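Hi,

Here is the structure we talked about, handed over for you to look at.

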Amino acid sequence: QSAQQVSEQLTAVWNGYKVSAAEAELYVDKLSAVAATTAADLEELSTGMSKVASAANIMGVDIDQLNAQLATIVSVTREAPESIGTALKTVYARMSDIEAGLDAETTLGEYTAQMKALGFNAIDATGKLRDQGDVIEEIGNNWNKLSRNQQVSLAQVIAGTRQYSRMMALFDNWDMYQQAKSTSEGSAGALQK
């Protein structure tokens with residue numbers, strides 16, 4: 001990649017997560033460490049993340065969670081990272097449309113009822129939508145306890161019929177996600193190495 005391309009991608013990530021200048025290297029550490037330990041490279045992670053960082057931040061998906069989600073889905077599907085980033089942005093936008101009641105297919109009540117029927121609460125005790133990073137992790141940690149029909153249904157509730165296969169790739173490879181997230185969290189100094 002050219003320096004200009006890398007700069008534009010990383011700037012989108014930094015702006016999406018409102019990263020201070022002092023934290024900028026830490027965020028590159030996170031991407032480079034995960035790139036070095038998965039089948040997704042730094043270009044793929046930064047490209048995908050540049051498409052979704054702002055939406056992920058708004059929806060409560062932290063940088064380590066997003067980094068691991070992208071690395072897992074890119075590694076498994078080998079789809080173009082901009083497609084995966086855009087797909088995740090669509091998933092997060094759909095979740096926010098549900099909260100706002102703008103989704104013609106599903107209202108907040110229907111969404112939370114479908115999630116709750118499968119054993120997962122999308123809203124907190126005050127009735128507010130939970131951080132989606134936490135909801136996704138709760139689902140991933142319990143994925144193998146669900147039947148295949150429940151898994152497909154849940155992925156469609158979360159992502160809709162157009163994006164659910166990417167969520168299936170994420171949840172079906174949850175151990176890969178957990179390893180990538182752990183790597184991202186403990187990545188300080190990776191860029192220098």
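Glutamate 79 counts as partly exposed, at 26% relative accessibility; buried here means under 20% relative accessible area, exposed means over 50%, and partly exposed is in between, using a 1.4 Å probe and protein chains only. Its side chain meets that of arginine 166 in a salt bridge, 2.5 Å from N to O. The pair ties together distant parts of the chain, 87 residues apart: glutamate 79 sits in the loop between H4 and H5, and arginine 166 in helix H8. Arginine 166 counts as buried, at 17% relative accessibility.

Before going on, some ground rules: this is a predicted model, where local features need pLDDT of at least 70 and side-chain atom pairs count only at pLDDT 80 or more, while totals for chains, interfaces and linings use all residues. Residues are numbered from 1 along each chain as its sequence is written, and side-chain values use heavy atoms, with hydrogens and water left out.

Back to the salt bridges. With the rule that a side-chain nitrogen of Lys or Arg lies within 4 Å of a carboxyl oxygen of Asp or Glu, the count is seven. Lysine 181 and glutamate 137 form one of them, at 2.9 Å from N to O. Here, too, distant parts of the chain are linked, 44 residues apart: lysine 181 is in helix H9 (residues 174-185) and glutamate 137 in helix H7 (residues 132-142). Lysine 181 is buried, with a relative accessible area of 15%, and glutamate 137 is buried at 15% as well. Salt bridges with shared partners join Glu137, Lys181 and Glu185 into one network. Glutamate 138 pairs with arginine 130, their closest N and O atoms being 2.8 Å apart.

Arginine 78 has a positive phi of about 55° although it is not a glycine, and it is partly exposed, with a relative accessible area of 45%.

Now the overall fold. The protein chain has nine helices and zero strands, counted as DSSP runs numbered from the N terminus (H or I, at least four residues, for helices; E, at least two, for strands). Of its 193 residues, 47% count as buried.

Have a look at H8 in particular. A straight helix of 25 residues would span 36 Å at 1.5 Å a residue, yet H8 spans only 10 Å between its end C-alpha atoms; the expected span is 1.5 Å times one less than the number of residues. There is a kink of about 125° in H8, centred on arginine 162, the bend being the angle between axes fitted to the seven residues ending there and the seven starting there.

Finally, which residues have the most contacts inside the largest nonpolar core? They are Leu66, Tyr92 and Met115, in a core of 53 residues. The largest share, nine residues, comes from helix H8 (residues 148-172). Such a core is a set of buried Ala, Val, Leu, Ile, Met, Phe, Trp, Tyr and Cys residues joined through side-chain atoms within 4.5 Å. Leaving aside neighbours within four places in sequence, tyrosine 92 is in contact (heavy atoms within 4.5 Å) with residues including Val52, Met59, Leu66 and Ile136.

Cheers
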